[in-house]
Amino acid sequence: MQLFEKLIEYPDAERRVLDSTYQLPVEETPLGEALGLVLARDLRATVDSPPFDNSAVDGYAVRSADAEVGRTFPVVDEAPAGRPAQKSVGEGEAIKIFTGGVIPDGADAVVMVENTSGWGESFELKKAASPGQNIRDAGQDARTGSEILRAGTEVGAPEIALAATQGYGTLPVYRRPKVVVLSTGTELVEPGTRDLAPGEIFDSNSYAIVAQSREAGADASRLYAASDDAQTLRAAIEEALETADVVVTSGGVSVGEKDLVKSTLLDLGVEQVFWGVKFKPGKPLFYGKRDETRFFGLPGNPVSAMVCFDLFVRPALMGMMGREDRKRPRIRVYFEEDVVNKFGRMHAMRVSLRKTEKGWLASSVGAQGSGLVSSLTRADALALIGPESEGVRAGEPAEAIVLREERLL
Ligand code: AMP
Ligand code: MG
């Protein structure tokens, strides 16, 4: 067993994590899988979009010069979307056309069917037409060669749509980190498989961490929960280290006699960057690296694991993808009553938020025990209390990391 040598401050720990993460390589990623990833280079239009002049409405393509009210037009052909007309529009003639149909030669306007006597072999015009009316010009959305998307853009649904209009089947984006999640603890039972025997609990951390990893955009998978037996643990960690960019374990990383994660890691050649942060909840956090693989040993207490994930793992994963985290804004909050922090380390306090005329009012969600998973379902933010002070006074500002940014609306 080993005791903490030296606890570091939260900002120092955060900086060491960010300093040692790196951007993942660029991968041509299928459009359907690129959502949320960041473009690594500018994208240009490869074709005019739309590629040809086409109709914006259902109606008749005509020559605008002929389009006087009351005139009757013979319909000489048709141009539905995807099937250009064979004929061109001569003087006094019309071609039936539908939205997206190619504007036939000779025509310079489309009249809506609503402004005619209706569909038929011929029709009478009820409203005059001007040149270019109801025609969408080739290239009006994007011109061949023009820049359509910039490097650094986070790909959302509109970016996917725009790239698709240009025929891109894949996008050059920084790839998602592969995260392997491993719970440790002899007491853990897979939820949904059986009832608990005395001393057992259900493994919630690995499910929580996989969900959090996916929320951050990572490609996360769950390894089985390993018991605290040294050999089992070693085999599981070795397996995780083989395949992952980032390994996230929970439990077994404190100073108990059964806490073997850290010694196993060091044994497997993982270099310790830090172990122990002056921070609550989550003091025993371990962070290390082996070659390109990064390793987070989160504490076992579920709230500690999830809060440490949010504060340390999430920024690392996002950094690896070149993403900015817009869903964890930092805001100023105040409390209605004095808040004390006698822990001697920073307290990331679970709070709910309410907008008042004085700003954002934070209120503790209640008991702050690090095993109280239910408290996280009520937390809108983590208010950072300390470490320099022994708390904040009523009405004084404190910094908070918002967990549910929708609450700010
Ligand atoms: P440890 O850090 O391994 O000493 O665990 C601290 C506390 O967290 C203990 O009460 C464990 O039972 C609990 N714990 C550890 N791992 C998990 C897990 N995967 N899911 C839920 N609770 C856990
Ligand atoms: Mg344990």
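Tutor: In this predicted model, helices are DSSP runs of H or I with at least four residues, numbered from the N terminus.

Student: Which helix gives the largest share of the lining of the largest pocket?

Tutor: The elements that give two or more residues to this lining are helix 3 (205-215), helix 6 (302-320) and helix 7 (373-377). The largest share amounts to five residues, and the element that supplies it is helix 6.

Student: Which residue class, nonpolar, polar or charged, has 13 members in the lining of the largest pocket?

Tutor: The largest pocket is lined by 23 residues, and Glu215, Asp310, Arg314, Arg328 and Leu403 lie nearest its centre. Asp, Glu, Lys and Arg count as charged. Across the whole lining, eight residues are nonpolar and two are polar, while the class with 13 members is charged.

Student: From which domains does the lining of the largest pocket draw at least three residues each?

Tutor: This pocket has a volume of about 580 Å³. Its lining takes at least three residues from each of two domains, namely domain 1 (8-24 + 176-320) and domain 4 (330-408).

Student: Which strand supplies at least two residues of the lining of the second largest pocket?

Tutor: The second largest pocket holds about 430 Å³ of space. Helix 6 supplies at least two residues of its lining, as does strand 15 (201-202).

Student: How many residues in the lining of the second largest pocket are polar?

Tutor: The lining consists of 29 residues, with Gly251, Pro299, Gly300, Asn301 and Pro302 nearest the centre of the pocket. Gly is counted as polar. Nine lining residues are nonpolar and seven are charged, and the number of polar residues is 13.

Conventions: Residues are numbered from 1 along each chain as its sequence is written. Chains are lettered from A and ligands numbered from 1 in the order in which they are written. This is a predicted model: local features need pLDDT of at least 70, side-chain atom pairs count only at pLDDT 80 or more; totals for chains, interfaces and linings use all residues. Side-chain values use heavy atoms; hydrogens and water are left out. On a 1 Å grid over the protein atoms alone, a cavity is a set of points where a 1.4 Å probe fits but cannot get out, and a pocket is an open set with protein on both sides within 12 Å along at least five of seven lines; lining residues have an atom within 4 Å of a point. Grid points are joined across faces, edges and corners, and a volume is the space filled by probe spheres set on the points. Domain bounds come from an automatic or database domain assignment.
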